[in-house]
Structure formats: C-alpha cells, structure tokens
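Subject: Handover of a structure

Hello,

I am passing this structure on to you. Please look through it first; my notes on what was found follow below.

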Amino acid sequence: MTQADTAGYPQSWYTATMIPTPARPALASDLDVEVCVIGGGLAGLTTAREVARRGWSVAVLEAGRLAGSASGRNTGFVLPGFAADEDKLIARVGFERTKDLWSLSEMGLDYVRDTIAAEGADGIEPQHGWLYVSKFDNGAEILRLSKLLGQLGCDVEYWPTERVRAFLHSERYFHAVNHVQAIAIHPLNYALKLAAAAERDGARIFENTQALSIDPAGVRKRIVTPNARLRATQVVLAGNVQIKGVVPRLAATLIPVTTYVITTPPLGPRLAEAVAYRGAVSDSDRADNHYRVVGGDHLMWLGRSTVWQRNPRRYVDALTDDIAKTYPQLGKVEVDYAWAGTLGNTVHRMPQIGELAPGVWLASGFGGHGLNTTAMAGNLIARALVDGDQAWRQFTPFELVWAGGLMGRAVVQMRTLVKRFLDAQRERRTRSRDGVVQQARKRDAQAAQPGAGQADADSIVPHESGTEAVRSQ
Ligand SMILES: Cc1cc2nc3c(=O)[nH]c(=O)nc-3n(C[C@H](O)[C@H](O)[C@H](O)COP(=O)(O)OP(=O)(O)OC[C@H]3O[C@@H](n4cnc5c(N)ncnc54)[C@H](O)[C@@H]3O)c2cc1C
C-alpha cells in the first residue's frame, strides 16, 4: 500500500492522520495543455478536476505539496455563504442577488458533500452541523439572523440558551443558530482524494513546481517553471496569497491573515461532558474560538490572528486559556499539535472569480470561508472554460481592490484588537447582568423558604458574584 509521504507538510493533526498518498513528481519536461492551473490548494484542485471531467487536458503546478497551505491546515468547516456579512452583501447588491449568490455558495457545500459520497468518507470523517453561538444574551439579534438566513434559503434552526447549554456546557454561551446542512471535514484528506479523482479523469499534477513567470500574451500562454516550460490556452491563477511570487499586483489585493490552531491529546469522557455537540462550533465572527471534537476525544481549537506570520507555539498559551475560560471544567489542557495557516482576505470579503484578460482566470480571495467557495469557484470556472457558462459573472460586482499594503495590514490588525476588546466588554456586561439575575432568583427562592431572614444576610452575594464575573475575564 502507498505510504503517506508527509515531507513538506507542517506538523499538524491533519498530517499525522493523512491518508496514504504518493508524492507527485516535479515538472521535468516541456508540456502543452489546454488549461494550466497555478496552485494545488482546494481552488486549483477543484478547477482541475472539473476541467478534466469535461474532457480537456489540464495540468496543475504546485510550488510545494498539494494542499500544504491553507487548504490542508484549516479547521475543516464546510459552511454555506461567504466571508462577507449577509447584511453588507444585501446593502451592496440587493436581496435577490444576495440570494442567488447564496445558492451558488450552497452549491459549493453540496459539491464537497457529493465528492465525499463518491470518493469515500474514510479519512475525511464528516461531522454534521455548525453551531454559531453567541456569548451575549441577545436572543432577538440571533433570532433575526436565523430568519434572514432562512429567507436566503439556508437550512437553519434558532436554538435558545437552554438548548445550547444542553450541548455546550458553558455559562459563556447563550443563543445560537444551528446550520443543519453544514459539515466539518479533514480538509487535507479531502484535497488528496480530490487530486486522485482529478488524475483519474486525466489531470496531470506536479508538486514542488513553482510557476516562476507567466507570459499571458497571445493565444498560447507560456509558463516558466524551474526545470521546464508549459504552454496553455487558458491559465487559472489559484495561488492565494503565495501568488505574490509570480503576480505581485494580484497579491496586493489580498490581506494575508495568519491564524493558529491546536489539537489536544485524548481528553477521555470529560470532553463529551463539556462539548456534547458533534459538529463544528464558532462563538465569534473573528478568527477566535472555532472548534470541534476530532478523533473521538481530541479537541481542535482555532484562535488569534496576525497579519504577519508568527511561530504557532507562541499562541499555545493564549489558546489553552481560551479553552479554560470557555470550559473551566476542562482546566488547562495539554497540546499535541500547534500550527499556523495563512488565508487571503479581500477588502469586500467576497471571493475574486473571473477572467482578468483573455485566457487568464482568477480564483482567489476566499478568506476564512474557503471550503465551500473554492468548490463553487472551481466549478464556475471549469463551466465557463469548457461550456461557456456565464454564471461566474455574478461575482463581477466584487472587483479587485488594492488592500492597502503594509498600512492596510496594520489597520486590519488594529481593527481585530479593537473588536476583541469591545466583544470582551460586551460579554463582561452580559455576565455581570446574568450574575445579578441569577442571584436575584436565588434570593427570591430563599425568601420563600422557612427561616427567610437568612436571605438578607446573603443579599450582598449578588454584587460579589457580579464582581467575580468581571474579575475572571
Ligand atoms: C487556520 C485556517 C483555518 C481555516 N478554517 C476554515 C474553515 O473552517 N472553513 C472554511 O471554509 N475556510 C477556512 N479557512 C480558509 C480556507 O482554508 C481557504 O480559504 C482556502 O483553503 C483557500 O484555498 P486556495 O486554494 O485558494 O489557497 P491555498 O490553500 O493557499 O492554496 C494555494 C496554493 O497555491 C500555491 N502557489 C502559489 N503560488 C504559486 C506559484 N507561483 N506556483 C505554483 N504554486 C503556487 C501555494 O503553494 C498553495 O499551495 C481557514 C484558513 C486557515 C488558514
């Protein structure tokens, strides 16, 4: 049986549980194809598979290992929608166009699900559902969100606090939206199966083959790699932030955001006593506190973000503190794996999909919402190339916008810090109010008991308890 060749992948839970797969060769001699895809992440691999399925010749050039970057390092949540906020999208393009875009995003989710069904779920281990949970007692807001998502065609349930806390045993949590159709997967193994499926359909895949330059002029575009040249009628740029090496002006439209992930050793039955929900969980819109149970009783947790890549070990303490703050019953957990991954955010938070010049296509800017949207983009571009389908044009309102260079990155980092601070303030207010209400209930109950005079002595407790909640932040 083929062994997993893990050279070139980061030390991560995913690499440790990678399915046996061969390393692909580097491009060693000149090649002519109809389509050249630059980038072997999920966007590039989906495009290649869909082009090959339609009978065209296609080659993928990957500078490192397949899905060795964001695509094989993420938390694996396959969700409907986009990184862009629904309300902002509606304000920009109107409700009906937002609804159409949403259904394309759901097509991406369906594509991943169907591919898993066809290629086999072993190693991918899909888990069902995504709970988007609030740390504030804002039932009306969450109910409104749930209704809006329903109007956009999304299969969601509103969960009140009691139901949330029956599955997530944390007093930090209140209301939630449960996304019934969402899944969470092992993204590296999914990408490797996708690559194998593309090869079965005739795609040629080359690893350790960086595209060094592209000459887009003329009918046949020329792509230079370290050891050989490739000629193609169509080029698809699916290189995410790393495309910088070959098309710096495109990379300048993305803000690289690095986020950090840890996985614990087996935690035994106490993990299920804290996290009984078996799908994915997020408790913020930022890159903080996105988690799920993997491998039966390991906890995978993502948090923190920086606009410059740092050593993931530096964030282990902060992430294990976040876990202890959310689930004090777990205490300070040990960590087996810590890794980082870099995603590319656009200014409008929508993906960049389209034809930049005759025969030069772009599939990029998927942000932190790339598992469904890379699948969608790969399909849209393959359909456009081979069948002349025009559905990709729905993304033309989201043009390439310069991301502001170093200043843009600094602004994003500052915004993240400010948002984290404001959320913490809001949570603190919620918790101290919650503490006061609980203590008032306790006081009323005690007042109804015989020997009610005791209740007066306890009446200082609400203030102490409220203060305690503040101090524990
Ligand atoms: C830690 C983390 C957690 C995330 N969690 C989620 C999640 O739970 N759900 C979700 O939907 N999204 C998530 N995302 C986002 C998602 O992973 C990305 O949006 C998606 O994987 C992007 O795929 P891609 O193919 O565009 O880019 P990548 O996976 O970055 O692939 C691009 C590839 O192009 C190659 N390349 C670039 N330039 C060249 C060149 N010149 N020649 C050859 N090859 C080149 C690179 O080597 C790279 O392998 C997360 C991201 C991170 C980092």
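A polar contact here is a pair of N or O atoms within 3.5 Å; within protein, one must be able to donate a hydrogen and the other to accept it, and residues adjacent in sequence count only if both atoms are side-chain atoms. By that rule, glycine 76 has a backbone N or O atom 3.4 Å from an oxygen atom of the ligand.

The model is a predicted one, in which local features need pLDDT of at least 70 and side-chain atom pairs count only at pLDDT 80 or more, while totals for chains, interfaces and linings use all residues. Residues are numbered from 1 along each chain as its sequence is written, and side-chain values use heavy atoms, with hydrogens and water left out.

The ligand

A backbone N or O atom of alanine 70 lies 3.4 Å from an oxygen atom of the ligand, and a polar backbone atom of glycine 367 is 2.7 Å from a ligand oxygen. On its own the ligand exposes 1,000 Å², of which the protein buries 97% (areas by the Shrake-Rupley method with a 1.4 Å probe; for residues, only the protein chains shown count as cover).

The shell around the ligand has 39 residues, the closest being Glu62, Ser71, Thr75, Phe77 and Gly367 (a residue is near a molecule if one of its heavy atoms lies within 4 Å of it). The shell divides into 16 nonpolar, 21 polar and two charged residues. In this count Ala, Val, Leu, Ile, Met, Phe, Trp, Tyr, Cys and Pro are nonpolar, Asp, Glu, Lys and Arg are charged, and the others, Gly among them, are polar.

Helix H2 (42-53), strand E11 (255-263), strand E15 (337-345) and helix H11 (370-387) each supply at least two residues of the shell. Helices (H or I, at least four residues) and strands (E, at least two) are DSSP runs, numbered from the N terminus. The ligand lies between domain 1 (13-73 + 188-250 + 349-403) and domain 2 (127-183 + 256-345), because both give residues to the shell. The domain bounds come from an automatic or database domain assignment.

Leucine 371 is in helix H11. Its relative accessibility is 11%, so leucine 371 counts as buried (buried is under 20% relative accessible area, exposed over 50%, partly exposed in between, with a 1.4 Å probe and protein chains only). The C-alpha atoms of leucine 371 and valine 78 are 5.3 Å apart, although 293 residues separate the two along the chain.

Salt bridges

The whole structure has 23 salt bridges (a side-chain nitrogen of Lys or Arg within 4 Å of a carboxyl oxygen of Asp or Glu). In one of them, glutamate 119 meets arginine 200 at 2.9 Å, N to O. Glutamate 119 is in helix H4 (residues 95-119) and arginine 200 in helix H7 (residues 187-200), so the pair ties together parts that are 81 residues apart in sequence. Arginine 200 is exposed, at 58% relative accessible area.

Lysine 332 pairs with aspartate 317, with the closest N and O atoms 3.2 Å apart. Lysine 332 sits in the loop between helix H10 (316-326) and E15, and aspartate 317 in helix H10, so this pair ties together parts 15 residues apart in sequence. Lysine 332 is partly exposed, at 44%. A network of salt bridges links Glu50, Arg53, Arg54 and Asp387.

Arginine 304 forms a salt bridge with aspartate 288, the closest N and O atoms being 3.9 Å apart. Arginine 304 is in strand E14 (residues 298-306), and aspartate 288 is in the loop between strand E12 (280-282) and strand E13 (290-294). Aspartate 288 is buried, at 4% relative accessibility. Its backbone oxygen is reached by the side chain of serine 284 at 2.9 Å. Serine 284 lies in the loop between E12 and E13 and is buried too, with a relative accessible area of 6%.

Backbone angles and one exposed proline

Alanine 67 has a positive phi of about 55 degrees although it is not a glycine. Alanine 67 is in the loop between strand E2 (58-61) and strand E3 (77-78) and is buried, at 3% relative accessibility. Asparagine 208 also has a positive phi, near 45 degrees, and lies in the loop between strand E7 (204-206) and strand E8 (213-215).

Proline 269 is in helix H9 (residues 269-274) and is exposed, at 64%. Proline 269 and aspartate 297 are 28 residues apart in sequence and 7.3 Å apart in space, C-alpha to C-alpha.

Regards
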